[in-house]
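Me: I want to check the labels on this model one by one. Give me the value, the cut-off and the conclusion.

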Amino acid sequence: LFLTKSGEVYTCGTDSRGAQGLGKPSGSVKTPTKIPGLEHIVQISCGFGHNAALDAEGHIWIWGRNDYGQLGLEDRATRNRPVKLPLEGMVSVNCGGKFTLAQDREGQLWGWGSNTYQVLFRGRKQYYATPSVLEGFEGKNIVQFSGGSDCAFWLDDQGTVWTRGRNEYKQLGSSAAAWNTSPELTTVDIPEKVRTVCAYSAAT
């Protein structure tokens, strides 16, 4: 995805499961093409086949793959055009592999989609197709976050990184079990304060 200075979004590449948001899937989009219906966008994010965009009014638009409810639309049907979520006052959005994270202007953290490795710590279900506030962040002022394949990281204003999810390849930065099943978040042991965190697939 490409976000222009004027707040429009362009896309190119494979159009599997409606990932390009252009309507009827076309196999691939060979040149950057404007996605209709997206205006005044201030942030974009890509997952494994699903995408999200945040507009200047605090609304999240989402489209693409949805087999784990990662679109947050209360079902698992693919959407090949952007759909606005019924959320207000959002300030940030990030697509993990098969889940989506967000934050509102009050500082609350939200999540929906795949919960296979307890990354959303919302119980034992495999997925949650409805956006919900995530627990466990009381007393933490989160300023940035990033989702990987089945893991997620949240950075607070003290430079500490909090994490949860799959750790099969030690992507959580520890030698702990293959995934974190504890109801508590764990921290990443880095000797200096962290400014930004970025997760991708099984690496951080």
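Me: Which residue is the bridge partner of Trp162 in E15?
Reply: Thr187 is the partner of Trp162 in E15. Keep in mind that the model is predicted.

Me: What makes E14 and E15 a pair?
Reply: Two bridges join E14 to E15. Pairing needs at least two bridges, so E14 and E15 qualify. The two strands run antiparallel.

Me: What places a charge over Trp162?
Reply: Lys140 lies over the face of Trp162, at 4.4 Å from the ring centre. The distance limit is 6 Å, so Lys140 is within it.

Me: Why is Thr163 called buried?
Reply: Thr163 lies in strand E14, residues 161-165. Its relative accessibility is 0%. Buried means under 20%, so Thr163 counts as buried.

Me: What polar contact does the side chain of Thr163 make?
Reply: A polar atom of that side chain lies 2.9 Å from the backbone oxygen of Ala152.

Me: How many aromatic pairs does the structure hold?
Reply: One. The ring centres of Phe137 and Trp154 are 5.0 Å apart, and the limit is 6.5 Å, so the rings pair.

Me: Why is the pair called edge-to-face?
Reply: The planes of Phe137 and Trp154 stand at 65°.

Me: Which parts of the chain does the pair link?
Reply: Distant ones, 17 residues apart. Phe137 is in the loop between E11 (127-133) and E12 (142-147), while Trp154 is in E13, residues 151-156.

Me: Are Phe137 and Trp154 buried or exposed?
Reply: Phe137 has a relative accessible area of 8%. For Trp154 the value is 0%. Both values are under 20%, so Phe137 and Trp154 are buried.

Me: How do you know that the disulfide count is zero?
Reply: A disulfide needs two cysteine sulfur atoms within 2.5 Å, and by this rule the count comes to zero. For Cys46, the nearest cysteine sulfur is that of Cys95, 6.9 Å away, so Cys46 is in no disulfide. For Cys151, the nearest is that of Cys198, 11 Å away, so Cys151 is in none either.

Me: Is Cys46 buried, exposed or partly exposed?
Reply: Cys46 has a relative accessible area of 42%. That lies between 20% and 50%, so Cys46 is partly exposed. Cys151, at 0%, is buried.

Terms used. Residues numbered from 1 in each chain as written. Predicted model: local features only at pLDDT ≥ 70, side-chain atom pairs only at ≥ 80, totals over all residues. Heavy atoms only, no water. Helix = DSSP H or I, 4+ residues; strand = E, 2+ residues; numbered from the N terminus. Buried < 20%, exposed > 50% of the residue type's maximum accessible area, 1.4 Å probe, protein only. Polar contact = N/O pair within 3.5 Å; in protein donor to acceptor, adjacent residues only side chain to side chain. Phe/Tyr/Trp six-rings, centres within 6.5 Å; stacked < 30°, edge-to-face > 60°. Lys NZ or Arg CZ within 6 Å of the ring centre and 35° of its normal.
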